[in-house]
Amino acid sequence: MGQAAGVDIFTTRIPLDMPLTPANLARLADGIAGAMERLLPEEALDAVVFGCTSGSAVIGADNVASRIHSVRPGVAVTNPATAAVAALAHLKAERLAFVAPYTADVAEQTADVFRNAGITITDARCLGLLTDAQIAVPGPEHYRDVLADMDITDAQAIFLSCTTSRALDSIEDLEQVTGLPVVTSNQASFWHALQLLGLTYAVPGFGRLMA
C-alpha cells in the first residue's frame with residue numbers, strides 16, 4: 001500500500017504481553033519512547049502511526065502522542081482508533097456496526113472511542129479472542145459470517161478493529177455484500193497518515209475510503 005501511494009514505511013516493535021487485557025495494553029505506553037528512539041534515529045519522519053487500536057483506546061490518544069513527541073517533537077501522529085474516527089467523518093458515517101476480535105472488556109474500551117466522538121454504534125460483536133496469534137486467524141469468510149449475524153440495517157458504515165487481524169483482506173468483499181463502506185484499523189491508519197501529510201491517493205482494493 002505504501003509503494004502504491006509513493007511513500008516509504010518503516011516499522012519498529014513494542015513488546016506486548018499476552019493475553020490481551022486492559023492492563024497489558026496499558027503497559028505498551030512504557031515502550032513508546034524507546035521505540036521512537038530506535039526508529040530511523042538519524043532521519044526525519046513526516047508522520048508516526050502508533051499501530052495498536054485497543055492499546056490506543058486504553059492508553060489514550062493524547063498520552064500516545066505525548067510520548068511520541070517526547071522523542072520526535074512536532075511530528076504528525078495518529079493511531080488506528082483516531083484514524084478510524086477521522087475516516088468515518090470523511091465518509092459522513094455517524095452510525096456504525098462495530099466488530100472487534102477482543103474480549104468484551106477490551107472491545108468496550110475501544111468502542112468508547114467512537115461513542116465519545118459522537119458516533120452511534122448500532123450493533124456490535126466481539127469475538128472473545130485472547131492473543132494476537134488467535135486474532136490473526138479469522139479471514140474474510142469469518143467476517144462475512146459475523147456480519148450476517150448482525151443487524152446492520154441502521155448502520156452507515158462498518159468498522160473492523162485490530163491491526164493484527166486479517167480484516168484488510170475482507171474490505172472489498174464485505175463492501176459488496178453489505179453495500180456499506182468498510183473501515184479497518186490498518187486501512188484507516190494509512191489513509192489518515194496520508195491525510196496528515198496532505199497527500200491523497202487512490203489505492204485499488206482497499207475500499208471506498210481509499211477509492
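A polar contact here is a pair of N or O atoms within 3.5 Å, where one must be able to donate a hydrogen and the other to accept it. Keep that in mind for the views below, all taken from a predicted model.

View 1. Where they meet, 14 residues of domain 1 are in contact with 19 residues of domain 2.

**View 2. What holds the eye at the domain boundary.** Domain 1 and domain 2 bury about 1,200 Å² between them, and 59% of that is on carbon and sulfur atoms. On the domain 1 side, look for T53, P80 and W191: these lose the most area to domain 2, together 42% of what that side buries. Polar contacts are another matter, with 11 residue pairs between the two domains, both residues at pLDDT 80 or more.

**View 3. The domain 1 face, helix by helix.** Helices α1 (22-26), α3 (53-59) and α10 (185-196) each supply at least two residues of the side of domain 1 that touches domain 2. Helix α3 gives the most, with 4 residues. Sort the residues of this side by type and you get 8 nonpolar, 6 polar and no charged.

**View 4. T110, tucked away in helix α6.** T110 lies in α6, residues 104-116. Is T110 buried or exposed? T110 counts as buried because its relative accessibility is 0%, and the cut-off for buried is under 20%. The side chain of T110 reaches the backbone oxygen of V106 at 2.9 Å. Leaving out residues up to four places away in sequence, T110 touches T53, S54, A57, F98, Y102 and S161. T53 in that list is also one of the residues of domain 1 that lose the most area to domain 2.

View 5. R67 is found in helix α4, residues 61-69. With a relative accessible area of 28%, R67 falls between the 20% and 50% limits, so it is classed as partly exposed. Which backbone oxygen does the side chain of R67 reach? That of A29, at 3.1 Å. R67 and A29 are 38 residues apart along the chain, yet their C-alpha atoms are separated by 7.7 Å. Neighbours within four places in sequence aside, R67 is in contact with A29, D30, I32 and A33.

Notes
Residues numbered from 1 in each chain as written. Predicted model: local features only at pLDDT ≥ 70, side-chain atom pairs only at ≥ 80, totals over all residues. Heavy atoms only, no water. Contact = heavy atoms within 4.5 Å. Buried area = accessible area lost by both parts, 1.4 Å probe. Nonpolar A, V, L, I, M, F, W, Y, C, P; charged D, E, K, R; others polar. Buried < 20%, exposed > 50% of the residue type's maximum accessible area, 1.4 Å probe, protein only.
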